[in-house]
Amino acid sequence: MAQYLHLNIYKKSFDFLVKLTQLTSNFQRDYRYTIGEKLNSTTIGFIILIYKANSAKDYERVDFIINLLDELQKITVLTRLATELKNIPRERYMELALMLEDIEKQLNGWKNHSVKEAEKSPHEQKEKTESMQPI
């Protein structure tokens, strides 16, 4: 298992957070501490969930990834809202949207892989147990 710092999804998410933080500091005052703060805190929570998912056992990881997909949806909605309220320029929104799309693809790939590993794990455990029993 790779360290979470070396995961491509972690790197992409952190890059997204850096760009987002730069943008939210320029939000209109009315939205900086509501939408901007919510966007930043949700994205930070998302990155922490990546660490937790990476550290989890195969059978637990799928639940973390489903939570990650939910959190990513929140981030997407908040980013779109900030753009509609003219706090994120359209060209920067397109850049952020592409980053979110890439992160979502990686999450879905990770989920599919984790589901296969979780399905395979109980069978491997059973085979190891059976092979250790005396004849």
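## Lys-86 and the end of H3

H3 is followed by Lys-86, whose phi is positive, near 65°; helices are DSSP runs of H or I with at least four residues, strands are runs of E with at least two, and both are numbered from the N terminus. Lys-86 is not a glycine, and it sits in the loop between H3 and helix H4 (90–132). With a relative accessible area of 66%, Lys-86 is exposed (exposed is over 50%, buried under 20%, partly exposed in between, with a 1.4 Å probe and protein chains only).

## Model and conventions

This is a predicted model, in which local features need pLDDT of at least 70 and side-chain atom pairs count only at pLDDT 80 or more, while totals for chains, interfaces and linings use all residues. Residues are numbered from 1 along each chain as its sequence is written, and side-chain values use heavy atoms, with hydrogens and water left out.

## Overall fold

The chain contains four helices and zero strands. Along the sequence the pattern is α-α-α-α. Of the 135 residues in the chain, 36% are buried.

## Helix H1

H1 covers residues 8–24, and its 17 residues should span 24 Å at 1.5 Å a residue; the end C-alpha atoms are 24 Å apart, in agreement. The expected span is 1.5 Å times one less than the number of residues.

The buried residues of H1 are Ile-9, Tyr-10, Ser-13, Phe-16, Leu-17, Leu-20, Leu-23 and Thr-24. Seen down the axis of H1, these residues fall within an arc of 145°, so they line one face of the helix; the arc is that of the directions from the helix axis to the C-beta atoms. An α-helix has 3.6 residues a turn, so residues three or four places apart point the same way.

H1 and H2 pack at an angle of about 165°, and their axes are 10 Å apart. Axes are lines fitted to C-alpha atoms, for helices over the stretch in contact, and angles run from 0 to 180 degrees between N-to-C directions. H1 and H2 are therefore roughly antiparallel (over 145 degrees; under 35 is roughly parallel, 65 to 115 roughly perpendicular, the rest oblique). H1 passes H2 in a left-handed crossing, meaning that the near helix is turned anticlockwise from the far one by less than a right angle; clockwise is right-handed.

For H2 (residues 29–55) and H3 (residues 58–84), the angle is about 160° and the axes are 9 Å apart. This pair is therefore also roughly antiparallel, and H2 passes H3 in a left-handed crossing. The residues of the contact of H2 with H3 divide into 14 nonpolar, five polar and five charged. Here Ala, Val, Leu, Ile, Met, Phe, Trp, Tyr, Cys and Pro count as nonpolar, Asp, Glu, Lys and Arg as charged, and the others, Gly among them, as polar.

The 27 residues of H3 should span 39 Å at 1.5 Å a residue, and the end C-alpha atoms are 39 Å apart, which agrees. Buried residues in H3 include Arg-61, Glu-71, Leu-78 and Ala-82.

Leu-78 has a relative accessible area of 15% and is buried. Its C-alpha atom is separated by 8.0 Å from that of Lys-38, 40 residues apart along the chain. Phe-27 lies in the loop between H1 and H2 and counts as buried at 1% relative accessibility.
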